[in-house]
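Q: I'd like to learn how to read side-chain features in a model like this one. Could you walk me through it?

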Amino acid sequence: MLKTIIQERRSIKKFNGKSVALSDITAVLEDAAWAPNHGNREPWRFVVAAEKGLEAIRTTIKECTVPKWNMLAPEELEQKTAGFKLPGAFVFVIVPEDLRQKERLEDFSAASALIQNAQLLAWEKGIGTCWKTPAWIDAPKFRQALGVKPGERILAMLQFGYYDELPKAKERTPIEEKITYFG
């Protein structure tokens, strides 16, 4: 079953606009948090926008990422905001930026494992996801809007949502081409 979910999961980029229940997002994150993490540090926290928070995050993204959005023609504004109007929920994964390189890399790796868990768990529920890292997640105005503290970093924006069309699988390089056998 797990092998099938791993192989069939797709990054969804064309959501249908249907909202994802906050309870579904919370359940996914609760189970995803069982990701391995060094020293059981659990180096993550989340800003979740679903249901009532969905329009608020869309407005925040627009105001923080679209320069002079209020001066644009409606068609141009629609084009610039189309990418974040259809996901049914957003989860921003925030990690500490430990000054010690080893711990920082361990924390980033652990949070990445959590993100993969979340994607697989959502897929199991029929919810699509897309892991995004747009440049603007590091913008001071956006960080402030999300309450990201100094010493923290937004590692990912996870979009959750429903979809009408399943993207085709992309070819993978045969694993034999990626392995060097030692000894």
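Q: Let's begin with a charge: which side chain of opposite charge is nearest to Lys62, and how far away is it?

A: A salt bridge needs a side-chain nitrogen of Lys or Arg within 4 Å of a carboxyl oxygen of Asp or Glu. Lys and Arg count as positive, Asp and Glu as negative, and His and the chain ends are not counted. Here the nearest opposite charge to Lys62 is Glu63, 5.4 Å away, and Lys62 has no salt bridge even though it is buried. Buried means under 20% relative accessible area, exposed over 50%, and partly exposed in between (1.4 Å probe, protein chains only).

One caution: this is a predicted model, where local features need pLDDT of at least 70 and side-chain atom pairs count only at pLDDT 80 or more, while totals for chains, interfaces and linings use all residues. Residues are numbered from 1 along each chain as its sequence is written, and side-chain values use heavy atoms, with hydrogens and water left out.

Q: So what is Lys62 in contact with, beyond its neighbours within four places in sequence?

A: Contact means heavy atoms within 4.5 Å. Lys62 has Trp69, Leu77, Thr81 and Phe84 as such partners. A charge sits over a ring if NZ of Lys or CZ of Arg is within 6 Å of the ring centre and within 35 degrees of the ring normal. Lys62 does this with Trp69, at 3.8 Å from the ring centre. Lys18 has its charged end over Tyr162, 4.6 Å from the centre of that ring.

Q: How many aromatic pairs does the structure hold?

A: Rings of Phe, Tyr and Trp (its six-membered ring) pair if their centres lie within 6.5 Å; planes under 30 degrees apart are stacked, over 60 edge-to-face, and the rest tilted. There are four pairs. Trp136 and Phe142 are edge-to-face, because their centres are 4.9 Å apart and their planes stand at 85 degrees. Phe142 is buried at 0% relative accessible area, whereas Trp136 is partly exposed at 22%. Ring pairs also tie these two to Phe90 and Phe92 in a cluster.

Q: And which residues have the most contacts inside the largest nonpolar core?

A: In soluble globular proteins, nonpolar side chains tend to be buried together. A nonpolar core is a set of buried Ala, Val, Leu, Ile, Met, Phe, Trp, Tyr and Cys residues joined through side-chain atoms within 4.5 Å. The largest one has 25 residues, and those with the most contacts inside it are Val20, Ile25, Val91, Val93, Ile115, Leu158 and Phe160.
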